[in-house]
Amino acid sequence: MGQREDAKLSCLNILTYHRELLVSRLRSIQCILDNLSACGFLCEEDVEIIQRTVTKADQVRKILELVQCKGDEACEYFIYIIYKVCDAYIDLQPWLKEINYNPSNEIALMKVVNTDPISRYSSKLRHEMGRDTNFIMSYGQRAETRLEDLYTDTLMELLNDSDESLGFLESLDQLLGDHAAFNPQGETTYVMGDVGVGKSILLQKLQNLWSKKELQTDAIFFFKFRCRMFSVFKDTEQVSLRDLLFKYNCYPDHDPDNDVFDYILRFPEKIIFTFDGYDEIQDDLDLINVPEVVSPEEKAHPLQLLISLLCGKLLKGSQKVLTARTGIELQSRVIRKKVALRGFSPTHLKTYIDLHFREQEHRELVSVQLDANPHLCGLCSTPLFCWIFFQSFRHLHTMHDSFHLPETSITLTDIFLLLSEVFLCRSASPAHSLLKKSTRCASETFKRGLKPLAAFAKLALQSTERGSFICSQEEITVCGLTEEDLPLGFLRPVSECDGSQSPATFEFVHITLQSFLAAFALVLDEQAAASSILRFFTECSRKRDSACLPLPSCIRGSSKPSEKQLFATNEHLQFTNLFLCGLLSKAQRSLMEHLVSPVLLKKKQALLKSYLSTSVKSSLRGLPHYHSDEGKKVHVMPNFLWTLRCIFETGSKDIAQMTARGITAGLIKLGYCNMYSGDCTALNFVLQHRQKPLGLDMDNNNISDYGVMQLKLSFSKITVVRLCVNRLTDTSIEILAEELCKHKVVEVLGLYNNNITDAGAKLVAQIIEECPKLRVVKIGKNNITALGGKYLASAIQKSTSIFDVGMWGNSISDEGAEAFAGALRHHPRLTNLSLSANCITSKGGQCLAEALKENSVLRIFWLVQNDLTDDAAPHLAELVQANTGLSHLWLINNQFTVDGIRQLAEALTHNPTIKEICVKGNQLSPEEEKQFEAQKRLRFH
């Protein structure tokens, strides 16, 4: 009993001893007053006395004075409130640890109700965000789907500041963590991806997880914004940071002392921001010249506040996630982490099919269609296009007796025509019997829905022409749309832009749908001159194009890089052009003749064909050519890639043949062009008409196995096949082995940094054995072990043409090294070999060195980043001393000490022809390295 009395007295003493600390750090008193009153420690008169006190510090002093007067139990309960409501009293959590506070059994039984404004606001944010994100946006606005019932992860690739892969995220929790953050001073996680790849729904999932407290973060506030809202503000409009946060999310309740905003300013690390669609900001901004907003109390234009938040001038330390389409670049100083969304993998796609179709019959039907159409599989790796196809398939298959895809390759235009057909099916169609399905007739559906379709198309074109993604009720009415038309699904209400709950503005359900409808308007318009269909081609051609070079070369060449028009993108105009080509294609003629005068339609088709023909010739003449060891090369420009896409949408063999003839270079470089699998179909559509051999460099794209399938017909004439960094699996290698071994024309094969296993290595070995012209193979940074290494070594041993092999970054180990030693002995042709980063120890190094004594051809040999020690040094020294013709030996980042290096240095004195031995990064101190300064060919730097 005596100990309990001492404990009680200690709480009272603690409050006395730490009085000034509590006065300075205790900021929010509402929760303390509510609970002290509820438990009877303070009466109504006490509360009134406290509230009449002028300053916050004096209010805290009065509370402490009254609590201490009420006795020891009241003092401990006061501390217990701070202990329980930790979010509100985060300043005092270190103090609780300092005093080693643990509640007594009696106090622990007492109830604490969290009425703190900060905690209540956090709960309100979670509730509203959960309500807003529980359901996936329904394009038809009739049926809603729960997010958790349909959400499927996509491939989320981590990139460094040079856009090199750092692997893939395993969960959304890693998006906010420190993993792969290449710039600790940066403030923003930058998520990029192509149109429809799932950027918005990823943020929705992130928000939903936070609302349910299932996201691994200690952030208690989460503010979400859509970037297009920042384009709505007038140039003169100014708001405070407080209004920006609360007006466009929600306001705190019962916060007379502004505790919530005060907490936000003091603890920005407890906040998450998401900004969706950076590319949709239409203003021309310059990150360097935009005036910075440093004071959170200062009013400024919302765009200035956005930039200051992203740069960390406001709320530094808060977690920010920003999405944008691929190609929109930010200054490196702003970015903390970079993630590229790559769409559905085959596994993801199967999961999505199972979630989308509950009926096994439908799952099987869709799977059969996908298996029969690799190009459609490629399109469906993009979640938006996949969703449209699945929704359309289910709806049209339910409505009609039969529903089949076009016989030829399905295009993006086909996909969006399917979506439009589904929407128009809802307009004034008679209720069909549940027992009797109707026969599908797309042209009848479009004829019946032509009036609203034309009105939606006109609205889309007008919005596109003024560079806007948002339209008002007045603009909707002027275009001839009625209240009955809005539920069709083309538009959805937007409430974020005016900060109220009453939707006064609308937007198309996806920006790509707006582009599609704008193209439809150009085709339907019988008043404007026929040549007006080319207006966006002209605008896009004015935009200065940059070559598809590695990103650092593009943006770091000048001493003062300009960020002008950083946010501007013309991709929506490019999509409008693409859809125009599709709608005016021969394949769509039978449909379009029901909607527009056949004479005018034919005239527009002729104009488009003439323009594309001229454009292709001009583009091909303007491509930068240069000569190299592999012959005449050409760097493809991004606009030319859009031209290829347009040609495919038209389905015109004439233009494809003309394009194929116009490519005079022997090798096309398409690296870093953001190509995806669907682009391979467009490329193949042109290349299949080419007669002469051609090299194709498609490194650093996103073509995947579906893309390789689409190039099948072109491999008969492709001599250089470079597909490095493209997410290829053994499935792609099966196709390559079949086609390349059939035609035997390949000379260079680049497969670096993919997902190839030993099974794929066996197929590559087959290619090496059976293709007599193959000179170069790059297959580093895959998943090849000793078994795959044996396959490759055996094939290399038999080849008389191969002279350059790159194996950097596999795991062939000593067993694989021994196999390569056998291949090297007496090889007649191989001059360049890299076995770097392959887990090779001194045992494997010894085998390789002994074999090379019997090889007089190898000139460059890399064993960088292995596990070679001094045990291998005498064997390598003997190799050097033998003077077999080896000119470059790289042993960087191994385990050699000064003794091993001394043996190599001694060997160099007996070999006057070797140019260098690179030994940087071994186990030598700077002083030990100085011993070898006289031997210039022994490189430490």
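The expected span of a helix is 1.5 Å times one less than its number of residues. In this predicted model, helix α29, residues 598-622, can be held against that rule. Helix α29 has 25 residues, and from its first C-alpha to its last it reaches 36 Å, close to the expected 36 Å. Several residues of α29 are buried, among them Leu-600, Leu-601, Leu-608, Leu-612, Val-616 and Leu-620. The buried set of α29 also includes Lys-604, Gln-605, Ser-613 and Ser-615.

The next subject is a sheet. Seen in order, its 7 strands run β4-β3-β9-β5-β8-β7-β6; the sheet is open and its pairing is mixed. Strands β4 (165-168) and β6 (221-226) form the edges, and each of them pairs on one side only. From one strand to the next, the twist averages 20°.

Strand β6 pairs with strand β7, residues 271-276, in the parallel sense, and 6 bridges link the two. Within this pairing, Phe-225 has Phe-275 in β7 as its bridge partner.

Now turn to strand β3, residues 156-159. In a regular strand the side chains alternate between the two faces of the sheet. In β3, Met-156 and Leu-158 lie on one side, while Glu-157 and Leu-159 lie on the other. Are these four residues buried or exposed? All are buried, and both faces of β3 are covered.

Strand β3 has antiparallel pairings with β9 and with β4. With strand β9, residues 335-341, β3 forms 4 bridges, and Leu-159 stands opposite Lys-338 there. With β4, there are 2 bridges, and the bridge partner of Leu-159 in β4 is Ser-165. Strands β3 and β4 make a hairpin with 5 residues between the strands, where Asp-163 takes a positive phi near 65°.

The last part concerns two helices that pack together. Two packed helices are described by the angle between their axes and the distance between the axes. For helix α20 (residues 412-424) and helix α24 (residues 511-524), the angle is about 90° and the axes are 11 Å apart. Angles of 65 to 115 degrees count as roughly perpendicular, and α20 and α24 are therefore roughly perpendicular to each other.

Which residues of α20 and α24 meet? From α20 come Thr-413, Phe-416, Leu-417, Leu-419, Ser-420 and Phe-423, and from α24 come Thr-512, Leu-513, Phe-516 and Phe-520. By class, this contact has 7 nonpolar and 3 polar residues, and no charged ones.

Methods. Residues are numbered from 1 along each chain as its sequence is written. This is a predicted model: local features need pLDDT of at least 70, side-chain atom pairs count only at pLDDT 80 or more; totals for chains, interfaces and linings use all residues. Side-chain values use heavy atoms; hydrogens and water are left out. Axes are lines fitted to C-alpha atoms, for helices over the stretch in contact, and angles run from 0 to 180 degrees between N-to-C directions. Angles under 35 degrees count as roughly parallel, over 145 as roughly antiparallel, 65 to 115 as roughly perpendicular and the rest as oblique. Contact means heavy atoms within 4.5 Å. Ala, Val, Leu, Ile, Met, Phe, Trp, Tyr, Cys and Pro count as nonpolar, Asp, Glu, Lys and Arg as charged, and the others, Gly among them, as polar. Two strands pair if DSSP finds at least two bridges between them. Buried means under 20% relative accessible area, exposed over 50%, partly exposed in between (1.4 Å probe, protein chains only).
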